Amino acid sequence: MASTLRRRVFGNDTPTEPSPVQTPRDQSPVRPGDKVKVIHKRKGTRKRKSTAIFFLGSLFGIIAAGFFAKSNDLIDFEFPELGGLSMDNLFEILPAGFVKDMRDLVNGERDYLESYDAFSVGIKVRSEGLSSHHPMVMVPGVISTGLESWGTSNESLPYFRKRLWGSWSMMRALVTDKENWKRHIMLDHTTGLDPPGIKLRAAQGFDATDFFITGYWIWNKIVENLASLGYDPTNSFTAAYDWRLAYPNLEKRDQYFSRLKAHIEMAVKLDNKKVVLTSHSMGSQVVFYFFHWVASEHGGKGGDGWVEKHVESWINVSGCMLGAVKDVAAVLSGEMRDTAQLNAFAVYGLEKFLSKEERAQIFRAMPGMSSMLPMGGNAIWGDLNGAPDDVPGQAASFGSFLNFRTDQNWTIPKTNFTVDDAMKYLYDTTEDWYRDSVKKSYSQGVAHTAKEVEANELDPRKWVNPLETRLPLAPNLRVYCFYGVGKPTERAYYYRSPELGSLTNLNMTIDTALTQGDVDHGVVMGEGDGTVNLMSTGYMCNKGWKMKRYNPAGAKITVVEMPHEPERFNPRGGPNTADHVDILGRSNLNELILRIAAGKGHEIKDYVVSNIRKYAERVKIYEEE
């Protein structure tokens with residue numbers, strides 16, 4: 001697969017036929033234009049274990065991460081701050097099967113890390129005579145930047161300069177000081193900034209994003225391979241940010257965009273070459289917002305020519321350009337597939353430490369997360385009559401986004417919800433402070449004319465939405481869209497009223513008892529990379545930015561889709577994974593990034609194997625006549 005993809009994406013004087021790209025369910029060749037089968041769980045087979053780090057506080061996920069520690073003496077070496085909290089005591093209360101599964105999981109990851117030649121991709125590219133050329137700026141995604149405390153109040157002093165997100169200090173605080181941890185991690189409801197007496201800031205440098213927690217790499221493999229090509233801190237930079245903040249507050253509190261602008265300008269001045277921006281997930285939204293901010297008189301005052309002068313390429317890796325539907329479930333009820341599909345014991349443990357209501361409150365108190373609420377409404381995500389990404393033989397349309405069983409004695413809405421309906425319901429039923437914070441920072445609509453698009457350049461609320469604004473006026477800018485396909489991804493849900501007698505203020509919760517057909521514990525799966533739907537990663541790259549009003553300067557867009565082909569016994573999927581996070585360690589993704597950094601990006605060719613272009617043609621957004 002790797003050699004085939006290299007031939008196709010880099011071009012070759014001699015035309016070559018692609019070799020078969022196989023999945024566990026489909027042994028037939030896959031060629032551009034063919035549909036990649038989404039890999040679903042087989043009945044009677046064992047689900048491949050994930051790293052089990054559940055977003056925002058699954059105790060079991062954090063304990064599982066503990067297994068990654070290199071030392072055999074976890075307490076003495078990796079957890080000195082845990083004091084009297086014994087990992088052995090914690091393991092004793094867990095089911096033996098759970099502990100065995102997690103040991104098997106981490107032993108497999110440890111063996112992989114020890115056997116994997118981390119620098120092999122960089123060494124290979126360097127052997128072809130390539131070396132560092134453009135300065136590199138990397139913008140990480142949501143949750144991948146560590147957050148450390150700089151507060152000096154009494155409640156913060158024990159955590160001074162310790163990470164309360166992305167470290168073992170987070171584990172200690174969550175297990176032994178949960179309420180204080182929540183006070184630190186949640187932003188003020190009124191200001192959207194730090195609560196009084198609290199000061200959390202994004203960690204800086206490569207260490208900020210290398211690893212989420214010991215052994216769980218994120219950007220580490222890309223940094224290693226860049227180093228093989230000659231990169232170091234003098235010509236590469238990680239632009240870490242506090243992903244909890246609404247984008248306007250990134251500038252207001254941290255001057256993030258001003259600092260990013262200054263760093264890029266300095267890199268261009270010192271190297272006399274334009275920079276390559278590489279972003280992942282939410283980081284791609286941050287970069288898109290930055291493009292508008294830096295040109296605007298209300299922002300960086302760089303003018304429309306700034307990007308053309310300073311940015312050679314933008315590498316958009318797994319960018320959630322149109323949001324992620326799982327964000328609705330997270331904010332609405334503190335749930336997502338990861339929590340809905342837990343077994344009863346894990347649900348009990350998770351609810352004991354962080355209930356659904358607590359998780360929903362935490363998500364809402366992180367306005368940056370709500371930048372990823374789905375954009376484009378029913379035009380992108382469909383309605384009760386159908387959705388662009390519906391497939392033949394599907395039991396129900398994806399356009400029916402929140403579904404309710406009518407044969408139960410529940411207090412529920414009378415009809416199913418589309419994405420537009422769900423967004424209205426979310427705003428109508430959540431707190432005023434949350435609704436106001438989202439609406440003053442973001443917009444999820446569609447601009448149907450060039451006049452609307454240009455007017456929106458003056459409205460910072462629109463800058464995060466590529467359906468309401470445009471790419472920079474930079475005709476020589478190259479945009480590379482690299483994203484995974486072929487992994488089941490949340491697309492719709494079944495909801496119900498909370499159980500009778502449950503002490504919660506939530507209006508509804510995922511109907512986890514429903515498992516039939518395409519519905520798994522109340523979650524309906526579609527196409528994507530396991531986290532972000534194909535419509536979000538692929539629509540703008542394959543269709544939206546081909547429209548004149550969204551790309552008036554004609555910036556070149558190159559798309560390379562990466563089929564999900566995980567190694568069966570590798571906990572992170574191995575060199576051909578296309579999982580949303582694990583793709584950062586994928587071999588050919590690293591190779592593509594290095595070639596662009598070395599000034600050879602123009603050799604990369606489109607490689608599209610999903611049905612995204614067919615789906616895009618069904619979207620009810622049209623070229624202006």
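I began with the cut-offs for burial: a residue is buried under 20% relative accessible area, exposed over 50%, and partly exposed in between (1.4 Å probe, protein chains only). By these limits, glutamate 624 counts as partly exposed, because its relative accessibility is 38%.

I noted the origin of the model next: it is predicted, local features need pLDDT of at least 70, side-chain atom pairs count only at pLDDT 80 or more, and totals for chains, interfaces and linings use all residues. Residues are numbered from 1 along each chain as its sequence is written, and side-chain values use heavy atoms, with hydrogens and water left out.

**Entry 1: the whole chain**

I recorded 24 helices and 16 strands in the chain; helices (H or I, at least four residues) and strands (E, at least two) are DSSP runs, numbered from the N terminus. Of the 625 residues, 61% are buried. I then looked up contacts, meaning heavy atoms within 4.5 Å. Among contacts between residues at least 6 apart in sequence, 74% join residues at least 24 apart.

**Entry 2: helix 9**

How many of the nine residues of helix 9 are buried? I found that eight of them are, so this helix (residues 220-228) is largely enclosed by the rest of the structure. The buried residues include Ile222, Val223 and Leu226, and also Lys221 and Glu224. Just after helix 9, glycine 230 takes a positive phi of about 110 degrees.

**Entry 3: positive phi in two other residues**

Lysine 301 is not a glycine, yet I found a positive phi of about 60 degrees for it. Lysine 301 sits in the loop between helix 12 (282-295) and helix 13 (306-310) and is exposed, at 54% relative accessible area. Histidine 521, also not a glycine, has a positive phi of about 55 degrees. I located histidine 521 in the loop between strand 14 (519-520) and strand 15 (523-526); its relative accessible area of 25% makes it partly exposed.

**Entry 4: salt bridges**

I used this rule: a salt bridge is a side-chain nitrogen of Lys or Arg within 4 Å of a carboxyl oxygen of Asp or Glu. The count by this rule is 32. In one of them, glutamate 128 meets arginine 595 at 2.8 Å, N to O. Glutamate 128 lies in the loop between helix 6 (120-127) and strand 1 (136-139), and arginine 595 in helix 23 (residues 587-597), so the pair ties together parts that are 467 residues apart in sequence. Glutamate 128 is partly exposed at 41%, whereas arginine 595 is buried at 6%.

I also looked up arginine 470 and aspartate 304, whose closest N and O atoms are 3.8 Å apart in a salt bridge. This pair links distant parts of the chain, 166 residues apart: arginine 470 is in the loop between helix 21 (450-456) and strand 11 (478-485), and aspartate 304 in the loop between helix 12 and helix 13. Arginine 470 is buried at 5% relative accessibility, and aspartate 304 is partly exposed at 43%.

**Entry 5: two buried residues**

Where is arginine 364 placed? I found it in helix 17 (residues 356-364), buried at 7%.
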